[in-house]
Amino acid sequence: MSARERILERVVAARAGAGDPSTVEKYLQQHPRGPAPSLGPDLAQQFCERATQLASEVVRVVAISDVPIAVARYLESNKLSRRAVCWPELVALPWHAQHLEVEACIATGNDLVGITGAFAGIAETGTLMLLSGANTPATVSLLPETHIAVVQVGCIVATMEDVWARMRAQWGAIPRAVNFVSGPSRTADVEQTVTLGAHGPRRALIVLVGD
């Protein structure tokens, strides 16, 4: 058997079990995790510190009903539009009490503010994991100039390995798209000068809910 034939044989064997979730679990059991950093007990605080270092602004509120107040203050202080699109799970919040016009729909290039939830936050890196779906359209976090993410304290995990394990436990199959958000979009392609908003939002606010 030639080298080419051996490679193709391994590919075929791997594809044979690709649709079986037990194949993934078996692989993970046979390949234990490598060493991970020690992050301490307060994952929420460490997440806030890392997210801030990535140029996200972070505010903490006690209850989900307090989110519109925090969002209104942020938009007012930055002189931003008080109209936004959001994920359906957030549309019932008392936005009108803060004189905000928030609609649950996908975002277009004309929308300036997008409000989403997040599947989880990663304390090690200050990164958000967003999963795409019918009720979690990816455009709301990618197209507007300002992305506001509402995150529950209970959804903060320690490491990247932990967030994938949490996703597999809750979802089983991987969604069509998994997006990681680490602060505003940025690039340094032109003259090595960092520019925010080149490929996505130029501002990011994280509203962390809970004690």
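Modeller: Arg83 counts as partly exposed, at 34% relative accessibility; buried means under 20% relative accessible area, exposed over 50%, and partly exposed in between (1.4 Å probe, protein chains only). This is a predicted model, in which local features need pLDDT of at least 70, side-chain atom pairs count only at pLDDT 80 or more, and totals for chains, interfaces and linings use all residues. Residues are numbered from 1 along each chain as its sequence is written, and side-chain values use heavy atoms, with hydrogens and water left out.

The partner of Arg83 in a salt bridge is Glu103, with the closest N and O atoms 3.4 Å apart; the term requires a side-chain nitrogen of Lys or Arg within 4 Å of a carboxyl oxygen of Asp or Glu. Arg83 belongs to strand E2 and Glu103 to strand E3 (residues 101-104), so the bridge ties together parts 20 residues apart in sequence. Helices (H or I, at least four residues) and strands (E, at least two) are DSSP runs, numbered from the N terminus. Glu103 is also partly exposed, with a relative accessible area of 40%.

The structure holds five salt bridges. One of them joins the side chains of Glu76 and Arg82 at 3.3 Å, N to O. Glu76 is exposed at 52% relative accessible area, while Arg82 is partly exposed at 28%. Glu145 and Arg203 meet in another, at 4.0 Å, N to O. That pair links distant parts of the chain, 58 residues apart: Glu145 is in the loop between helix H5 (139-142) and E7, and Arg203 is in strand E12. Glu145 is partly exposed at 38%, as is Arg203 at 24%.

Now to the core. The largest nonpolar core has 22 residues, and Val71, Trp95 and Ile148 are among those with the most contacts inside it; such a core is a set of buried Ala, Val, Leu, Ile, Met, Phe, Trp, Tyr and Cys residues joined through side-chain atoms within 4.5 Å. Strand E2 (83-86) and strand E12 (203-209) are among the elements that each supply at least two residues of this core. Helix H4 gives the most, with six residues. Leaving aside neighbours within four places in sequence, Val71 is in contact (heavy atoms within 4.5 Å) with Trp95, Leu100, Ile115, Ile148 and Val207.
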